[in-house]
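Hello,

Here is the structure I promised to pass on to you. Please open it beside this message and follow along as you read.

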2 protein chains.
Amino acid sequence: MKISPAESVVMEALWRAAPRTAEEIAAEVAAPQGWSEATVKTLINRLLKKNAIAAEPDGRRYRYRPLAERAAYLRDESQGLLDRLFDGRLAPLVSHLSQSRALTPEDVAELKRLIAEMDE
Amino acid sequence: MKISPAESVVMEALWRAAPRTAEEIAAEVAAPQGWSEATVKTLINRLLKKNAIAAEPDGRRYRYRPLAERAAYLRDESQGLLDRLFDGRLAPLVSHLSQSRALTPEDVAELKRLIAEMDE
DNA sequence: CGCCAACGTTTACCCATGTAATCGATAGCG
DNA sequence: CGCTATCGATTACATGGGTAAACGTTGGCG
């Protein structure tokens, strides 16, 4: 049930638009990743085995569509990082990032807005 | 030079206190992880090969000490997640976490403080 | 109506990782 | 002084993941 980094590239493509054929997915992700079409097909199959995506027949081919939800994936990944590295707490992460890497004024403004919302 | 999750457990122990012997490290991490002492030794050796830690002779044994910096490790890991999942931007991550998982009032207060600081 | 191109499926291979046992040297006890 | 307990080093082995070629089926062109 764990989605690997390479697999997640395919998932992202499907989360962006679905259902799509293998060809369409490959057209979108293969070149940027430097992958052959065969590689994309392997990833699709592994995702099928993991029940992360579903295949619906469409004539001669299949159209794939995500079963796993992007929100859940994001949650698991970020939660995992938070737990592993920052004791599960958000503030240290933000603190660390704000030091190791300049945040844009937009970032700061956006954060401020978020916090204001949360506060209610 | 990539530190794997299991290896990072050893690194964390050394970041907490160093230099330490293999025995001391194992004493601290083996049981909680359900690892045998042999496993800890393997991880130490892999970290040595990666130049993530150094060994200084101390009589019959070695004392190990981190070479890689924790801050850099944290930076790489969180930056990686941010780039992979949130287009490199912090605000979406925070936004996501604030929805998928309740932040404690302390978290929010802490964030507010951080933002205030950044703003200057 | 047969062959080919296009699909999806299977198989392949190598490397990293998790997990650990075994080996070889040696310092110190008896 | 030799034997054993203890270290670090070496070797082991299964799994997962990245990357891709080979294979088998079949619908449609010629």
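Below are my notes on what was found in it.

First, some housekeeping. This is a predicted model, in which local features need pLDDT of at least 70 and side-chain atom pairs count only at pLDDT 80 or more, while totals for chains, interfaces and linings use all residues. Residues are numbered from 1 along each chain as its sequence is written, and chains are lettered from A and ligands numbered from 1 in the order in which they are written.

**How the two protein chains are related**

**Where they meet**

In the interface, 29 residues of chain B are in contact with 29 residues of chain A; contact here means that the C-beta atoms of two residues, placed from the backbone, lie within 7 Å. On the side of chain B that touches chain A, α4 (70–86), α5 (90–100) and α6 (105–118) of chain B each supply at least two residues. The largest share of that side, 9 residues, comes from α5(B). Helices (H or I, at least four residues) and strands (E, at least two) are DSSP runs, numbered from the N terminus.

By class, that side of chain B has 15 nonpolar, 6 polar and 8 charged residues. The classes are nonpolar for Ala, Val, Leu, Ile, Met, Phe, Trp, Tyr, Cys and Pro, charged for Asp, Glu, Lys and Arg, and polar for the others, Gly among them. The copies meet through the same surface, because 100% of the interface residues of chain B are also interface residues in chain A.

One helix pair in this region deserves a look. The axes of α4 (residues 70–86) of chain A and α4(B) come within 11 Å and cross at roughly 170°. Axes are lines fitted to C-alpha atoms, for helices over the stretch in contact, and angles run from 0 to 180 degrees between N-to-C directions. The crossing makes α4(A) roughly antiparallel to α4(B), on a scale where angles under 35 degrees count as roughly parallel, over 145 as roughly antiparallel, 65 to 115 as roughly perpendicular and the rest as oblique. From α4(A), the residues A:Leu74, A:Glu77, A:Ser78, A:Leu81 and A:Leu85 meet B:Leu74, B:Glu77, B:Ser78, B:Leu81 and B:Leu85 of α4(B). This helix contact is made of 6 nonpolar, 2 polar and 2 charged residues.

**The DNA strands**

DNA strand C is surrounded by 21 residues, of which the closest are A:Ala22, B:Ser4, B:Ala6, B:Ala38 and B:Thr42. A residue is near a strand if its C-beta atom, placed from the backbone, lies within 6 Å of it. Two or more residues of this surface come from each of α2 (22–33), α3 (37–49) and β2 (61–66) of chain A, and from α1 (5–16) and α3 (37–49) of chain B. The largest share, 5 residues, is that of α3(B). The surface near DNA strand C holds 7 nonpolar, 7 polar and 7 charged residues.

With 5 residues, α3(A) gives the most to the surface near DNA strand D. That surface divides into 7 nonpolar, 7 polar and 7 charged residues.

**Backbone details to check**

A cis peptide bond joins A:Ala18 to A:Pro19, with omega about -5°, and A:Pro19 is in the loop between α1 (5–16) and α2 of chain A. In chain B, the bond from B:Ala18 to B:Pro19 is cis with omega near -5°, and B:Pro19 sits in the loop between α1 and α2 (22–33) of that chain.

A:Asp87, in the loop between α4 and α5 (90–100) of chain A, has a phi near 60°, a positive value in a residue other than glycine. A:Asp87 counts as exposed, with 9 C-beta neighbours inside 10 Å. The cut-offs are 20 or more other C-beta atoms within 10 Å for buried, 12 or fewer for exposed, and in between for partly exposed, with C-beta atoms placed from the backbone. B:Asp87 likewise has a phi near 60°.

Best wishes
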